[in-house]
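Subject: Structure handover

Hi,

Here is the structure I promised to pass on. Please open it first, then read my notes below.

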Amino acid sequence: MRLTPVVRALTLAAALLPPLVAPLYAQSDTWALTNARIQTVTKGVIDKGTILIRKGLIEAVGPAVAIPADARVMDLAGKTVTPGLIDLTSSLGLAAPAAGGGGGGGGGGAQAAPSGPRGLEPDRDIARELKVAPGDIKSLRDAGIAVVLVSPSRGLFRGMSALVPLRDSVDDSEVLRSQVALHIGYQGVGGDYPGTLLGVIAYQRQAFYDAQRQGLIEDRYRTNPRGIGRPDHDPALDALVPVVRGQKPAFFDANNENEIRRAVRLAKEFNLKATIVGATEGFEAVDALAGRPTVVSMNFPQPAQTTGWSYRLSQRREPNDSAASAKEAQTQIEGNAGALNKAGIKIALATGGTRPADFLANVRKAIAAGLPASVALEALTIRPAELAGAGEMLGSIEAGKIANLVVTNGDILADSAHITTVFVDGIRYEVAPPPARAAGGSGSTTAAAQIGGTWTMTLNSPQGPLDITMTVTQTGATFTGSMVSQIGTNDITGGEIAGRVATWTTVVNVGGQSITINYRGEVDGSRMTGSAELGSFGNATFTAEKKP
Amino acid sequence: MMRTGIFVLPLTAGILAAQTGPDTTRRSTMPVLKMEIPAAGTLVAVTNATIITASHGTIDKGTIIIRNGKIAALGKDLAVPAGAQVIDGTGKYVMPGIIDEHSHSSGEAINEGTRSVTAQVRMQDVLREDDISLYRQLAGGVTTINVLHGSANTIGGQNAVMKLRWGLPVDSMMFAGAPPGIKFALGENVRQTNGGNAPGRPQRYPRTRMGVEELLRESFTRAKEYQAEWKAYDDAKAQGHKGTKDFVEPIPPRKDLQLDALVEILEGKRLVHAHSYRSDEILMLLKVAKDFGFRIASLQHVLEGYKVADEIAAAGTGASTFADNWAYKLEAFDAIPYNAALMAERGVNVTINSDSDERARRLYQEAAKAMKYGGASEETAIRMITLNAAMQLGVDKMTGSIDIGKDADLAIFSGHPFAPTSRVEMTLIDGRVFFDRNKAPTLANLIEQLKRRARPNTTEGAQ
């Protein structure tokens, strides 16, 4: 009897592979994904084709691929396969700065930090300190993300990032590329120079001048050491040399217009190979971004947090005018990626810290606001791959590339799409279907998140970070409590929870003036992230962890 | 820093729709900042106005012709050239755009207080163009501000001199050609007398006025060594190139941005604006500057300046003070409202500054106090917020008075600027109208709009 390849493979699979132990064989598995609609990204769409995966790589792809005897076959009729998504804005598996842990850094003329990195460590090699737990990975991978670029989220010289595949267990041997780029930001060092934005930029400028000189001395010494003292061994400075020479990319974490302009100014001053990461107000700085690839965050800011809003808020308004203009601003914010694309700027899309589950939903909003879907698809796959120096490994479905694939029912960017399977390095991970809605429930009447307990919070205010301990007593969808920090103890008023969004207010006294602070946080289990309006002191973001 | 809102109103749809001219540099697409940016390089005539020149008296019923942003002609009975945009100044007063010699507006950081010497930090790095106070200051006739580092440090950061070109990116607000400057500070803030003693907080040197002087001298001694190091390098390089083939190119000294700024001070290229209160510390600073061969461009606050006015004048140093603001800390007790006028009388170049987003909106009233208290002449008082400030900032060739060839930076008032009921109708920078009360989102304008909307078919005056 002649068996079709499919049947043959199925028979083999049934005979050899008890399903429950399948992951053990995972990496060496040979897979044939058949009858799929394939979005190769670089070579168009194959309406009905096969992808052959062997030893973690794509061995063949096309409408007619011979299926070898050892392949397990997955019939994907009616499904779409897209390259695994790549997020260039991750801090996965890195200890929070305050927690110490880290290791790595410490070099660079700065005095030894009492505990862990301070954000002044250009030589910090993230690949060497990854500690990734499967639980960290799942929510990202379930959102279709197969690879992340990991860098610390705070500091002015944060270190060299690592490109990490989202397998269940990852250590430095699985890292795709290490020392991808130097990550640069604008947070100062608490209690020491540089403490504010003023010092941060001055420090960066001085460091690049120092690196230029270091490079010069090293070159001279290499050419002819006669008469030249041995160059100082300074790992931090050495790490900056290829950056200031434009050989190693510099990724600037810059979101609002002023940050973007500051980053571009410094990049021009030293002719850096700079990429702006975040750029949520890129549409305000298109002139500055022109000609630079940009990683665009899908973590949309609130209108009231955007540049120019202080002017807006100062204006006398007609009734309801505020809501209307907030809506108009929202459209503008969601249209950011579209505006940059229209201006000819090459973009990659990234989570920017938004919840993984909201990532693609926000990409769809960006598409609705003017970003062509084809550009969005490239911006989720091949563009970030190229920016991470991995364009030959990742980002498209082509023979020879790593088998990172997302299987969806329907087009991945369609509103109704949901992800069923993700392959990372050829390892198959099933994605559980979204939880069924409560019977008869048409709306999203999710129960209020439970936030009672003690939280440790870091408020990133324009005046610098503030550590706060928050104690919460919850009753149904309301809560009370207090917030304790170096500016005193303040009661929580008006605490309400709608779904997983908590809002509350405190009144603090600073220098004899009382300031009303409005908080809005999104609860995700024992974590909360959100924003706070500090009146004329500006706006802040915060992160909080619930104490177990 | 809390400010109550003033009546700055919405550019609602009708006004929002107002186009931006073809040659405008409007770049903001955000609905919240939509505003009209005036065209540049046009021909403008301000006619039939009382012109307070600040340099050569007042011209009644005069005309100012502006070409390409500069004052091209000035006087009575001037013919208005064809094609000029005419601003009717009948019944109005025109004075030079006000210059605030001491501002912190639009800085996202003010004090890098982690060290007492931070000459390397730059205010220009941290400015933001959407600070609402910039617009409010325009509405108070201010055209140029000196954005200074705070007073936490003996040698603070580098200043930024800005023109308030509201609506443009902050890079376009920089005053081109203004010499660079820097902030110094003396006394209590630097010693951290007030609030610097929190338990557990490491104490920062210096803790006394002795220490402040020592730190200044130590810093400039370092700067001189650095200067010498670079000179030796430059000499060796120049020498070497003339010499033999065996010449080994010397390694340049480390470029130190802090010392670069201090060397610029020693070389007279960077203007020092020094926060000071007491007469003894003022004399100390003048002595240090003299010993190291540089000039202090301006003393800020300088509330005891009247006691040492002759010494300040002899040093060629300016004084930038408050009209009547004092006693907010110990070193600010021995102040008198006659300070500005007395110093001016002794030949000091005196300015009145704001050091406050709020006070900056009414500097013309602050200047008037010099007449009330000290008997200063009208022109002297006007100069305290215009020409004298331009001199202290080294931009008096470009702005600060209404003279032919200078930038057309003008404030047009409804009456005499020193009259209590007068207010600014229009503010021009480089001949461009950056504030126009008729188009501004004022409460009156909003009410007018709402009235019209309520009775869409009624025309004005039909009642």
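What share of the contacts in chain B with a separation of 6 or more comes from residues 24 or more positions apart? The share is 68%. Keep in mind that this is a predicted model.

Chain B overall

Chain B has 463 residues, and 51% of them are buried. Its secondary structure consists of 12 helices and 17 strands.

One helix in chain B

Take helix α6 of chain B, residues 279-292. This helix has 14 residues. At 1.5 Å a residue, they should span 20 Å.

Now look at which residues of α6(B) are buried. They are B:Glu281, B:Ile282, B:Leu285, B:Leu286 and B:Ala289. Look down the axis of α6(B), and its buried residues fall within an arc of 140°. They therefore line one face of the helix. Turn to the other side of α6(B), and you will find B:Lys290 and B:Asp291 exposed. After the helix comes B:Gly293, with a positive phi near 80°.

A helix pair in chain A

Next, go to chain A. Find helix α11 (residues 356-368) and helix α12 (residues 373-380). Their axes come within 10 Å and cross at roughly 145°. The crossing of α11(A) and α12(A) is right-handed. On the α11(A) side, the contact is made by A:Val363, A:Ala366 and A:Ile367. On the α12(A) side, it is made by A:Ala373, A:Ala376 and A:Leu380. By class, this contact has six nonpolar residues, no polar ones and no charged ones.

Backbone points to check

Most peptide bonds are trans, and most residues other than glycine have a negative phi. Here are some exceptions.

- In chain A, the peptide bond from A:Tyr193 to A:Pro194 is cis, with omega near -5°. A:Pro194 sits in the loop between β10 (182-184) and α4 (197-223) of chain A.
- In chain B, the peptide bond from B:Tyr205 to B:Pro206 is cis, with omega near 0°. B:Pro206 sits in the loop between α3 (188-191) and α4 (209-242) of chain B.

Then there is phi. A:Gln179 is not a glycine, yet its phi is positive, near 50°. It lies in the loop between β9 (162-165) and β10 of chain A. Is A:Gln179 buried or exposed? It has 20 other C-beta atoms within 10 Å, so it counts as buried.

B:Lys61 also has a positive phi without being glycine, with a value near 45°. This residue is in strand β2 of chain B, residues 58-67. B:Lys61 has 13 other C-beta atoms within 10 Å, so it is partly exposed.

One more residue in a loop

Finally, find B:Arg207. It is in the loop between α3 and α4 of chain B. Because it has 15 C-beta neighbours inside 10 Å, B:Arg207 counts as partly exposed. How many residues apart along the chain are B:Arg207 and B:Glu188? They are 19 residues apart, and their C-alpha atoms are separated by 8.9 Å.

Best wishes

How values were computed
Residues are numbered from 1 along each chain as its sequence is written. Chains are lettered from A and ligands numbered from 1 in the order in which they are written. This is a predicted model: local features need pLDDT of at least 70, side-chain atom pairs count only at pLDDT 80 or more; totals for chains, interfaces and linings use all residues. Axes are lines fitted to C-alpha atoms, for helices over the stretch in contact, and angles run from 0 to 180 degrees between N-to-C directions. Helices (H or I, at least four residues) and strands (E, at least two) are DSSP runs, numbered from the N terminus. A crossing is left-handed if the near helix is turned anticlockwise from the far one by less than a right angle, and right-handed if clockwise. Two residues are in contact if their C-beta atoms, placed from the backbone, lie within 7 Å. Ala, Val, Leu, Ile, Met, Phe, Trp, Tyr, Cys and Pro count as nonpolar, Asp, Glu, Lys and Arg as charged, and the others, Gly among them, as polar. The expected span of a helix is 1.5 Å times one less than its number of residues. A residue is buried if 20 or more other C-beta atoms lie within 10 Å of its own, exposed if 12 or fewer, and partly exposed in between; C-beta atoms are placed from the backbone. The arc is that of the directions from the helix axis to the C-beta atoms.
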